[in-house]
Amino acid sequence: MNLKPMFKPRTLAVIGVSLSNERHPANVIYNKNNLRQQVEVFAVNEKGGFYQGEKVYPRISEVPEKVDLAVIATRAETVPDMMGDCIRAGAGGAVVISGGFAEVGKKDLQDSLISMAIKADFPFIGPNCIGIYSPPSVDTLFIPSERIVKPEPGKVALVSQSGGILVDHLIRFWGEGVGLSTAVSIGNKALLREIDLLNYFAQDPGTEVIAFYVEGFGENEGRKFVLAAARCPKPVIVLKSGKTTGGSRAVSSHTASLAGDYEVFSAVLSQYGLVEARDESEMISACEALSCYRKPIEGRMAVLTGSGGHGAQAVDACLSRGMAAPPFSDKMREELGKQVSEKIQGIASFGNPVDLTGSAVDDDFVQAARFLSRRDEVDCLLLLLLPYLPGVTSDLGARLSMVYRQEGKPMVAYVPHVEKYSMLIEGFQLNRLPVARSIEEAVQMAESLRRFQRW
Amino acid sequence: MVSQEMKRILVDAGKHGWVMEPEAKRFFSLAGMDTPRFCWARKLEEAIGFAEKIGYPVVGKVISPRVVHKTEVKGVAVGLDSPRKIEETFLRFSGIDGFAGMLLEETLSGLELIVGARVDFQFGPVVLLGMGGTGVEIYKDVALRMAPLEERDVKSMVQSLKARRLLEGYRGKEPVHMGELVRLLLVFSSLVMDIFPRMESIDLNPVFATASRAVVGDARIMLKS
C-alpha cells in the first residue's frame, strides 16, 4: 500500500463536519487545516450546505478534486458506508477518528472495514485514533490549535497506539527541543499497524529516527516487527507499557515462569539492536541523542567536568547503566595535563573523570575535549558544563560543537536548563549536539547510543 | 531435523500433555545432544542390573506422568552406591502418585545451567540460558533470545549472565567447554524451530557444563494443549 498520499496530502476531505456543533472533532480538524496547514481542505456532510462560507459536499465523490486523504469522523455504524464512498471516489487513504469498534466489543464492524480496505488496496489509520500530524502538510489531531504545543520540525517520527500519549510526547519534544518529522496515533490499528509505519518511515527521507509507543503486539507480530526494524538503517526506539502482568499466570515450567511477556520483549529488542526506552524520560533522551548521532558506541565514556562531585556522579550513572569510564594510563594523563592552561595543571585531575576544577576556562575544556576525541580509549564524551563557573562563557557550547565537527566523536552535554544559560545550551542545540538537563539524562542519552546496534 | 522416532515420542506423550524425563532425554539424544547413560527401570532387578553394568554410584529419579517437579515430592536420589540403596529408593518411589518406574543414570557433576524454550505470543519461540538447579527461580540469572540463535547470540547470552565468571573458570576451576555449550544451544534452538507449533515450553534443568561436555541432566517438554 502506498502511504505517501496520507502523509503528504495535497487535498483533504473531512467527512462529518457539523453545521451546528463547532466543537465536533471534524470541525476542529477542518478549521486547523484550513487556517494553518498547506493542504487544501473540503468539508463533507450528507446534509450539504455551507460551513464558514465554504461549500459542504454531501458526499466525497462530489468534491471537485481528487482527494489524497479523507478524515472520517462520523458515527461508527456509518463508517463502512463512508469508507466505501472514499474507495469509489479514488481517495488515497483515510484516517478513521470515530470510536465504537473493537474497543467496545464491535469487532465485526471493525472487520468489515478491514476486508473492504484490503480488497480495494486502500490504506487507513485507526479507527479510534487521533490520526496524523505531518507538518507542514496536514494535521488531523482534533485538538484545538491554541491548546497544543508543537515541537520544532525535525527528524523523529513518532508512532503511538494511544492518542493521549502521543500528544504528551509532542509537549515533551517541544520542551526538550527535540525535532519532529511526523506523529501518528494508530488507535485500534485495524489495518495499518506498527510494522507498516516502520516500513513507511524507513523510506521517508524526512525521518531519521523512528519512535514507537507500544501497548502490545498481536500473535507473532512482535517477531516480524523486530526483524523489520533490524533491517532498517535508522534507529528504532520503543517504549512499552504493560510491563507488569495483572495477577499471576499458572506456569508449569521454569522457563515459562522466567521468560515472562515483558522479559522476552525487552530481551528481543536488545538482541536486534532496537533501543528500548524504559520510561518516558528515556524515550525523550533517546530521541534527542539518536537524532544527533547514528554511529553506535560501545560505551567507553570520558567524563569531562569542572566539578569533582558531578564527575563522580556521572561515573556512577555510567557504570550502573552498564557503560564504562575506563581509567586513563599515566602517560595519557600526562599528555592530557599538557593541553590545559598552566594555572590549572597543578590542581586539575586527569584521570577519568577529568576534573578541570572551577578555575578552568573555555580553552581548557576545548583543548581537553579535542585531546579526548582523538583517543581510542574512549568512544563518547560526557561534558558536564557548569555555566556558573567564572571562566566558562556562553560561547563554550558552540566551541565544543566545533570540536565534534572536526573530530567526529559523539559528545553528550549536561547544562542546567534555566533561561540564564540558554545561549550556552543553544550553542549545542543549533549544532545538533544533544544537551541534557540532568546528569542522569545525559547518561541516558549515551546509553541509547550504545543500545542502538546494527550488524 | 526431527526424525520419525522423535515425532513418535511427541505423539505418544500427547495423552499426558508433557514428555517425561526418560523420553525427553531420548528425544534430545536423538537430536544429537549430549545426555547421560540412563535406564527406565520398571522392575527392581532392571535397576540394579543397570547400576552393576555402568558402575556405582548412580542417580535415581521417579518417573510419573503426575509429577512434573520431582524434587518437590522427594523424587530424586543421588549417590545410590549399593543394591540396598537402590532397593530402598525404588520402594519409596513406588509409593509416589502415578509411579511408572525409576530412572537410573550415571552420576554427573559440573556447573548447573538451565536451557529452556517457550513459545511467546508476540515473538514466537524464544530460548533461555541461565544458572540452573533448584534455585533457578530464586536467582533469576537468565538471558533470553528470540530463536533461532546464532553463535553470536549464545556468546552474548553467556556474557550477560551475572554468574558468567563461574563459566569462565572462577578461582582456579577449569572453564566450561564453550564450544560444547554453544553447540548444545544451537542444536537446541534449531530443534525448537522445528517443533514449536507442538510445544508450550521446554526445561533442560540442569544442564551440566564441564571442561569437556555440556550434558542434559534433566529434561521435560510441555506440549501444547
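Helices (H or I, at least four residues) and strands (E, at least two) are DSSP runs, numbered from the N terminus. This is a predicted model, in which local features need pLDDT of at least 70, side-chain atom pairs count only at pLDDT 80 or more, and totals for chains, interfaces and linings use all residues. Residues are numbered from 1 along each chain as its sequence is written, while chains are lettered from A and ligands numbered from 1 in the order in which they are written.

**Strand β5 of chain B and its partners**
- Two strands pair if DSSP finds at least two bridges between them.
- Strand β3 (residues 58-62) of chain B pairs with β5(B) in the antiparallel sense, over five bridges.
- Strand β2 (residues 38-41) of chain B also runs antiparallel to β5(B), with four bridges, and here Cys39(B) stands opposite Leu104(B).
- Because four of the five residues of β5(B) (residues 102-106) are buried, this strand is largely enclosed by the rest of the structure.
- A residue is buried if 20 or more other C-beta atoms lie within 10 Å of its own, exposed if 12 or fewer, and partly exposed in between, with C-beta atoms placed from the backbone.

**Chain B as a whole**
- The domain assignment, which is automatic or from a database, gives chain B domain 1 (38-106) and domain 2 (109-223).
- The C-alpha centres of these two domains of chain B lie 26 Å apart.
- Chain B averages a pLDDT of 95, where pLDDT is the predictor's confidence in each residue, from 0 to 100.
- Within chain B, confidence is highest in strand β7 (residues 124-131), at 98, and lowest in helix α5 (residues 136-139), at a mean of 91.

**Where the chains meet**
- The contact takes 21 residues from chain A and 27 residues from chain B, and two residues are in contact if their C-beta atoms, placed from the backbone, lie within 7 Å.
- On the side of chain B that touches chain A, β6(B) gives the most, with five residues.
- For the complex, the predictor gives an ipTM of 0.91 and a pTM of 0.92.

**Chain A: overview and strand β5**
- Chain A has 17 helices and 19 strands, and 51% of its 455 residues count as buried.
- Along its principal axes, the C-alpha trace of chain A spans about 85 × 60 × 35 Å.
- In a regular strand the side chains alternate between the two faces of the sheet.
- In strand β5 (residues 69-72) of chain A, Leu69(A) and Val71(A) point one way, Ala70(A) and Ile72(A) point the other way, and all are buried.
- Strand β1 (residues 11-15) of chain A runs parallel to β5(A), joined by four bridges, with Leu12(A) opposite Leu69(A).
- Strand β6 (residues 94-96) of chain A is also parallel to β5(A), through three bridges, and Val71(A) has Val95(A) as its bridge partner there.

**Chain A: a five-stranded sheet**
- An open sheet with parallel pairing has the strand order β16-β15-β17-β18-β19 in chain A.
- Its edge strands are β16 (354-355) and β19 (435-436) of chain A, each pairing on one side only.
- Strand β15 (residues 301-305) of chain A pairs with β16(A) over two bridges, and Thr305(A) stands opposite Asp355(A).
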